[in-house]
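Here is a short report on a two-chain model. Look at the sequence and the structure first, then read on.

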Amino acid sequence: MFSTMIKKIKWIIPNTSKKGLVLLCASLALWSNLAEAQTEMNSTQSEALKAKVKKLADATQTISSDFTQFKHIDFLSNDIESSGVLKFKAPDMVKWQYTKPYNYSIVFKDRTIFINDDGNKSNLDVGGSKLFERLNRLIASSIRGDMFDEEEFSMKFFTDTESDLVHFSPKDPQFSEFINAFHIRFDKKGEVVQVKMIEPSGDFTRIEFHNRKTNEALSNADFSQ
Amino acid sequence: MRIFLSSICFLLIFGCASYPKKNNFKVVTKETPPQNVLNPYFSNPDKDYVYKANIDALGNKIGGLFIIKKLGEKTHRILFTTEMGNTLFDFSFQQNGFTVNRILKELDKKILINILKRDLKALVLEKPAVEQVFSKTNNRLIETNILSKKHYFYFDSEDLKDIVRTRNGKVIVKHHFANIENDFAGQINITHENIQLKITLTALP
């Protein structure tokens, strides 16, 4: 297989060294293996995933989970890492509490956004925009995984042995200017384990969830500013 | 009447006195203007400069992360995102150029972009055009020109502590650097005196 590939590439790029070609072929082979590992679902599989996630989401009243966030910006040497605790209470109360490397919390409830920035409390004005409100509704849905809205997104479904992955692309051009796509990864139970928000520039925020506890009692005080 | 005229003269003479004069700095005539880096705080291309930021504009507070990277000899990129990672603005500063790579629609106002352009150009420019040097005991004041405006770089011994933009001898904008260690400023405050705008940057540990 390798020698055939090398011959073909040699024909396309005649001045490439043999060492370079071997490296190129090795990476191509690796890449194609990785691509094969994540296969696109057929419609029966995707309908089954939607039904599984929806059933779980409907049965979910509260979620409490640790999270680690990685902000990837192409021109930076390292991703910016932060972490904290996420709390969710149905239908749409959400609190993101960052504890590292800074203390910051943002609470979405009663159609208002409450911020506590290391003791300084405020309501976010930029966050009060319709765009941010909508984004939060999506975040609340994405935590539960229940955002299979065909009017709002075009979707692509992928699967591998460990997890399922859905790519959501907003159909509204105004929204896609802000977020180009959401990639949500589910474990085989149908719980969200990772959310990736991709910006039009290609920079993205990846949030990984751990120690998820479902339907444990959460009071309103858990969502205080 | 005489007193009135004298007070007017007094105001004219001292009210419009230059910034160095008001602060008792004396011009250094012998010294040739320095050609080296005046502001080293964003000069390492290997470093990701990440600051927790608070912008207080006319009572509206926006929090987020300020991300600054030196990308070339005279190029810096400055990006402001929310804590959750959504980009609010993304600017590039070249030697003589400025590019808005991205800005949230709600912030896309010419007047705001111009203010940020001036403030941030002064924040990252390493070698501004030096016009004069002043001194007072251990302190030096270097008069420069950035985007056609007078800016004074105030050094306390070797450390750059302030960059002050003035108009008619009065402070318009002050960049204050604190918690300085090894060419890195842990705390930066950009304060406007003529409009209610303050940008506070605290380096992430």
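## Strand pairs in chain A

Start at Phe204(A). This residue of β12(A) is the bridge partner of His72(A). Phe204(A) is also the bridge partner of Ile198(A). Two strands pair if DSSP finds at least two bridges between them.

Strand β12(A) covers residues 204-214 and pairs with β2(A) in the antiparallel sense, over 9 bridges. Strand β11(A), residues 192-198, runs antiparallel to β12(A) and is joined to it by 5 bridges. The hairpin of β11(A) and β12(A) has 5 residues between the strands, and there Gly202(A) takes a positive phi near 100°.

## How the model is read

This is a predicted model: local features need pLDDT of at least 70, side-chain atom pairs count only at pLDDT 80 or more, and totals for chains, interfaces and linings use all residues. Residues are numbered from 1 along each chain as its sequence is written, while chains are lettered from A and ligands numbered from 1 in the order in which they are written.

## The sheet of chain A

In chain A, 12 strands form an open sheet with antiparallel pairing. The order is β1-β8-β9-β10-β11-β12-β2-β3-β4-β5-β6-β7. β1 (39-40) and β7 (120-123) of chain A stand at the edges; each has a single partner strand, so one side of each lacks a neighbour in the sheet.

β6(A) and β7(A) run antiparallel, joined by 4 bridges. Here Ile115(A) has Ser122(A) of β7(A) as its bridge partner. Helix α3 of chain A (residues 43-58) packs on the sheet and touches β8 (153-159), β9 (163-170) and β10 (181-187) of chain A. Two residues are in contact if their C-beta atoms, placed from the backbone, lie within 7 Å. The direction of this helix makes about 100° with that of β8(A); axes are lines fitted to C-alpha atoms, for helices over the stretch in contact, and angles run from 0 to 180 degrees between N-to-C directions.

## Where the chains meet

24 residues of chain A are in contact with 24 residues of chain B. On the chain A side, β2 (62-72), β4 (93-100) and β6 (112-117) each supply at least two residues.

## Chain B

Chain B has 3 helices and 13 strands. Of its 205 residues, 33% count as buried, meaning 20 or more other C-beta atoms within 10 Å of a residue's own C-beta, placed from the backbone.

Note on methods
Buried ≥ 20, exposed ≤ 12 C-beta atoms within 10 Å, placed from the backbone.
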